[in-house]
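Subject: Handing over the structure

Hi,

Here is the structure I said I'd pass on to you. Have a look at it first, and then read on for what I found in it.

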Amino acid sequence: MNWGTQTNYQAVKAAVYSGAGYDRIFETVLADVRPLIARHGVPETEREDVLQEICIAVLQNLASFVVNSETLSPSQRNSWLRTLAERRINDFWRSYYREEKTLPDNGADAKTAQRRKISLSALDGEDGEERDIPQEQRELLLLEEEDLPHLFAVLEALLSVNTAPDKMLAFLFNKIILADYAGIIKNKTAYIAEQLHGKRLGVIYAAARVELERTLDTALPDRIFTTLRARLAEEKDGIVYENRLFDMTPRAITDSSNWIKGRFKELINNDRKAYFY
């Protein structure tokens with residue numbers, strides 16, 4: 001990314017103070033952000049709209065960027081743009097799923113797409129009613145009452161469990177997002193393996209974040225996902241995790257989910273004061 005360079009920072013600073021030179025600034029934004037939008041799996045037909053929203057957000061926040069970024073390193077300035085862009089990308093996915101669209105499926109048949117649509121819409125309960133957090137999720141997340149700071153702290157601990165990102169994403173669908181689906185899906189882990197198979201982990205992450213917020217009925221702060229996002233940016237066998245394709249079997253999903261659940265409970269039990277206050 002070139003956004004964080006000292007040359008670009010000086011250009012942004014000059015534009016903010018003079019009111020001119022914005023064309024060059026947004027050329028840099030476009031060059032840096034287009035690949036990011038693609039990596040997050042935004043459908044090609046939607047990318048220009050998302051890009052426009054990012055540019056608007058950049059324009060609205062340029063003055064504060066200039067004031068707060070003079071002593072920052074290039075990587076820190078790049079992080080500012082990346083975080084702002086990813087927030088707008090997450091906004092897109094929230095809107096995308098509220099309209100009950102399906103993930104880009106590279107040729108998935110109509111039956112598979114319809115099953116995905118049914119499973120996502122069912123999260124809202126019957127007849128569009130709002131639903132409480134189901135008992136299985138409540139027990140896993142140690143919820144005794146509606147306490148958002150506690151929920152956020154526990155989720156952050158859960159997502160910090162040291163495991164591969166594909167295993168954590170499968171866990172989120174298996175134990176939280178689709179935990180209440182025993183009467184809807186006959187074989188849940190097989191269903192998850194089928195629905196996620198062949199999709200990029202970056203796309204699955206975007207979907208999981210949207211579905212977590214729908215399931216828990218609250219917006220989740222970015223810090224909860226810091227560890228998972230960092231792991232998605234790591235490489236394995238020369239391929240960044242977010243670009244790897246999901247290929248876990250139902251058995252692997254079951255085994256890894258049980259391991260993560262056990263490890264998470266160990267973390268909580270070893271430091272209960274950090275999560276109960």
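One term before we start: a residue is called buried here if its relative accessible area is under 20%, exposed if it is over 50%, and partly exposed in between. Please also keep in mind that this is a predicted model.

Let's begin with α12 (250-270). Its buried residues are Ile-253, Ser-256, Ser-257, Ile-260, Phe-264 and Ile-268. Where do they sit around the axis of α12? They are on the same side of the helix, because the arc they cover is only 105°. On the face turned away from that buried side you'll find the exposed residues Arg-251 and Asn-270.

As a reminder, an α-helix has 3.6 residues a turn, so residues three or four places apart point the same way. Arg-263 counts as partly exposed, at 31% relative accessibility, and Glu-266 does as well, at 43%.

At the other end of the numbering, α1 can be read in a similar way. Helix α1 covers residues 6-18, and its 13 residues should span 18 Å at 1.5 Å a residue, which agrees with the 18 Å between its end C-alpha atoms. Asn-8, Tyr-9, Ala-11, Val-12 and Ala-15 are buried in α1. Their arc around the axis is only 160°, which puts them on the same side of the helix. Thr-7, Tyr-17 and Ser-18 are exposed, on the face of α1 turned away from its buried side. After α1 comes Gly-19, with a positive phi near 80°.

Next, the inside. The largest nonpolar core has 40 residues, and Leu-155, Leu-158, Leu-172, Phe-173 and Phe-246 are the ones with the most contacts inside it. At least two residues of this core come from each of α7 (148-158), α8 (165-177), α9 (188-196), α10, α11 and α12. Which of the helices gives the largest share? That is α8, with eight residues. Another core, of 29 residues, lies apart from this one, and Leu-51, Ala-57, Val-58 and Leu-62 are among its members.

Now the aromatic rings, which make five pairs in total. Trp-3 and Trp-80 are stacked, at 5.8 Å centre to centre and with 10° between the planes. Trp-3 is in the segment before α1 and Trp-80 in helix α4, so their pair ties together parts 77 residues apart in sequence. Trp-3 is buried, at 0% relative accessibility, whereas Trp-80 is partly exposed, at 21%. Tyr-9 and Phe-65 have ring centres 6.0 Å apart and planes at 65°, so they pair edge-to-face. That pair links helix α1 with helix α3 (residues 47-69), 56 residues apart, and both Tyr-9 and Phe-65 are buried. Ring pairs link Trp-3, Tyr-9, Phe-65 and Trp-80 into a cluster.

Last, the charged residues. The structure holds 10 salt bridges. One of them joins Glu-86 and Arg-229, with the closest N and O atoms 2.3 Å apart. Glu-86 is in helix α4 (residues 74-98) and Arg-229 in helix α11, so this pair ties together parts 143 residues apart in sequence. Glu-86 is buried, with a relative accessible area of 10%, while Arg-229 is partly exposed, at 25%. Another salt bridge, at 2.4 Å from N to O, is between Arg-223 and Glu-156. Since Arg-223 is in the loop between α10 and α11 and Glu-156 is in helix α7, parts 67 residues apart in sequence are tied together here.

Asp-222 is worth a look as well: it is found in the loop between α10 (201-216) and α11 (226-232). Is Asp-222 buried or exposed? Asp-222 is buried, with a relative accessible area of 18%. Leaving aside neighbours within four places in sequence, Asp-222 is in contact with Thr-83, Arg-87, Arg-209 and Arg-229. Salt bridges that share partners join Arg-87, Arg-209 and Asp-222 into one network.

Cheers

Key. Residues are numbered from 1 along each chain as its sequence is written. This is a predicted model: local features need pLDDT of at least 70, side-chain atom pairs count only at pLDDT 80 or more; totals for chains, interfaces and linings use all residues. Side-chain values use heavy atoms; hydrogens and water are left out. Helices (H or I, at least four residues) and strands (E, at least two) are DSSP runs, numbered from the N terminus. Buried means under 20% relative accessible area, exposed over 50%, partly exposed in between (1.4 Å probe, protein chains only). Contact means heavy atoms within 4.5 Å. The expected span of a helix is 1.5 Å times one less than its number of residues. The arc is that of the directions from the helix axis to the C-beta atoms. A nonpolar core is a set of buried Ala, Val, Leu, Ile, Met, Phe, Trp, Tyr and Cys residues joined through side-chain atoms within 4.5 Å. A salt bridge is a side-chain nitrogen of Lys or Arg within 4 Å of a carboxyl oxygen of Asp or Glu. Rings of Phe, Tyr and Trp (its six-membered ring) pair if their centres lie within 6.5 Å; planes under 30 degrees apart count as stacked, over 60 as edge-to-face and the rest as tilted.
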